[in-house]
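Student: I have the sequence and the model open. Could you go through the terms used for it, and say what each one rests on?

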Amino acid sequence: MRSRLLSVARALRADARITVMTGAGVSAASGVPTFRGADGLWKGFRLEDLATPDAFARSPHRVWEWYDWRRQALAGCLPNRAHHVLASWSLRFPRFRLITQNVDGLHERAGAADVLRLHGSIWDVRCWNRCTASPDQWRDDTVPFPVLPPPCPHCGGPLRPGVVWFGEMLDRDVVDRCLDATCCDVFFTVGTSALVHPAAGFLDHARRHGAMTVEVNPEVTPATSVVDTAISERAELVLPELDAALGAHPLALSTARLRLEPLLPKDVEAAHRLWTHRDVRRYLWDDRIIPRGTAEEVARASATDFARYRFGLWLVYAREEARTPVGFCGLRADGVGAGPQLLFGLYPKHWGQGLAQEASRGVLAHAFETLRLPRVIGAADAPNERSVRTLAALGMRFERRAGHDGLDTLFYSTEGRPPSGR
Ligand code: NAD
């Protein structure tokens, strides 16, 4: 398997057009049952008999019992390592596309951007009567619903799940975007039995467009004999190995004593610690509206910034303590007045070790060498001896002035030259 993984890894160049299509198998390790596995029946009903408009018309209550039960089960599931790798690829590769047949929302919860959801989402609902007062569909996370079927808040008629049932048309726009995504350099089919159309046809489409095709599935499927490389192993094992073979994330930085990793949606625990930090709150509150500040939102905001601007928050690891971050660094897209703003902070017990300077130098090096920014400016509240010393060590120009809120503030700037002392 190792040699096959390495040959696939070689094809995943930074500028490659990479498209991954997933099915139920990618969520199996999260505890979500696949349909055609041993759990393919529910209360004696075949699933194909529950997931149809006719079944709903006959008994909305019974169909909703099944969906409500699945929503409850899913609310207790977490994205697994396969979801996390794909989410990080959506940041790592600018031309990455993710198509899923799954309705469970786990790719999005892992932080993947712009997922093409072929079969809709179990977390969306819409009015069965398509009443004119209600939007086409909307998200509703209520678990469990107090009344089944849940009533439409606009007309009182029954709501239906926002998924595509057997016998229903797929969203034309989504199918077109999927077809467009199959014109790629590398096409993966992961954890799908490759039986359900049109998803099953996307593989052929990709082959016709000259893509290298890869299947990840522990079982043999109709795709196995067709793809260039079939990897007969579980997705949650293969994808992390493949990811490791790619080497460091391009936005990761290393210095002699430090490792800086971009703060990604999987880093919820670290984001939770950061959320109590005032600078991070400023980072998030200054220019965006986040109604409830949760760790998930901090991590997602950082990931969105990386995807859009290649800026965001980095976790700072001391080499000898590689698993637990000792602090963070960040570049925010727009600083005070003009240009990117640098943020850095360490957890108190690590102050005085010179890590703040070293980490900030790392991010500044990234700013100047990789991002080629003309300058970085910023402001620190409540300046003290330590922050003054850090800025001086970085070779930054700084001055103490009253901030717009009247408080003493340290304004700093690199003024068009890289920081000294690297
Ligand atoms: P499927 O149940 O037909 O096939 C699942 C495939 O995953 C099988 O080929 C199996 O060998 C493979 N698999 C099992 N464990 C795996 C693992 N750990 N790693 C990699 N592969 C693994 O599912 P399908 O092909 O996605 O098609 C069924 C339809 O049912 C889809 O349209 C989908 O919308 C729906 N569905 C969705 C979910 C979900 O949202 N999680 C769950 C079940 C079914």
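Student: Leaving aside its neighbours within four places in sequence, which residues is Leu86 in contact with?
Tutor: Leu86 is in contact with Val20, Leu98, His107, Ala112 and Leu239. Two residues are in contact if their C-beta atoms, placed from the backbone, lie within 7 Å. This is a predicted model, where local features need pLDDT of at least 70, side-chain atom pairs count only at pLDDT 80 or more, and totals for chains, interfaces and linings use all residues. Residues are numbered from 1 along each chain as its sequence is written.

Student: What pLDDT does the protein chain average?
Tutor: The average is 83, and 83% of the residues score at least 70. The pLDDT is the predictor's confidence in each residue, from 0 to 100.
Student: Where is the pLDDT below 50?
Tutor: One such stretch is residues 287-292, which has five contacts in the model beyond near neighbours in sequence. Another is residues 418-422, with 14 contacts counted beyond near neighbours. Where pLDDT is low, the predicted coordinates should not be read in detail.

Student: How many helices and strands does the protein chain have?
Tutor: There are 14 helices and 19 strands.

Student: Why is Ala301 called buried?
Tutor: A residue is buried if 20 or more other C-beta atoms lie within 10 Å of its own, exposed if 12 or fewer, and partly exposed in between, with C-beta atoms placed from the backbone. Ala301 has 21 other C-beta atoms within 10 Å, so it is buried. Its place is in helix α12 (residues 295-309). Ala301 and Gly312 are eleven residues apart in sequence, and their C-alpha atoms are 8.0 Å apart in space.

Student: How do you know that Phe398 is buried?
Tutor: Phe398 has 20 other C-beta atoms within 10 Å, so it counts as buried. It is found in strand β18 (residues 397-402). Apart from neighbours within four places in sequence, it is in contact with Leu391, Leu410, Phe411 and Tyr412. Ile377 is 21 residues away along the chain, and 9.4 Å separates the two C-alpha atoms.
Student: What share of the 422 residues is buried?
Tutor: Buried residues make up 40%.

Student: What makes Met169 exposed?
Tutor: Met169 has 7 C-beta neighbours inside 10 Å and therefore counts as exposed. It sits in the loop between β8 (159-163) and α7 (172-181). His119 is 50 residues from Met169 along the chain, with 9.7 Å between their C-alpha atoms.

Student: Why is Arg130 called exposed?
Tutor: Arg130 has 12 other C-beta atoms within 10 Å, so it is exposed. It lies in the loop between β6 (120-127) and β7.
Student: Is Asp114 buried or exposed?
Tutor: Asp114 counts as exposed because it has 11 C-beta neighbours inside 10 Å. It is in the loop between α6 (106-109) and β5 (116-117). Asp114 is not a glycine either, and its phi is near 50°, a positive value.

Student: Which residues have the most contacts inside the largest nonpolar core?
Tutor: They are Leu86, Val186, Leu263, Trp314, Val316 and Val363, in a core of 81 residues. Helix α5 (residues 81-92) gives the largest share, six residues. A nonpolar core is a set of buried Ala, Val, Leu, Ile, Met, Phe, Trp, Tyr and Cys residues joined through C-beta atoms within 7 Å.
Student: Where does this core lie, and how do you know?
Tutor: Domain 1 (2-231) and domain 2 (253-413) both give residues to the core, so it lies between them. The domain bounds come from an automatic or database domain assignment.

Student: Which residues come nearest to the ligand?
Tutor: Gly23, Gly25, Thr34, Asn102 and Gly191 do, out of 27 around it. A residue is near if its C-beta atom, placed from the backbone, lies within 6 Å of the molecule.

Student: Which peptide bonds are cis?
Tutor: One joins Val143 and Pro144, with omega about -15°. Another joins Leu148 and Pro149, where omega is about -10°. Pro144 is in the loop between β7 (138-139) and β8, and Pro149 is also in the loop between β7 and β8.

Methods: Helix = DSSP H or I, 4+ residues; strand = E, 2+ residues; numbered from the N terminus.
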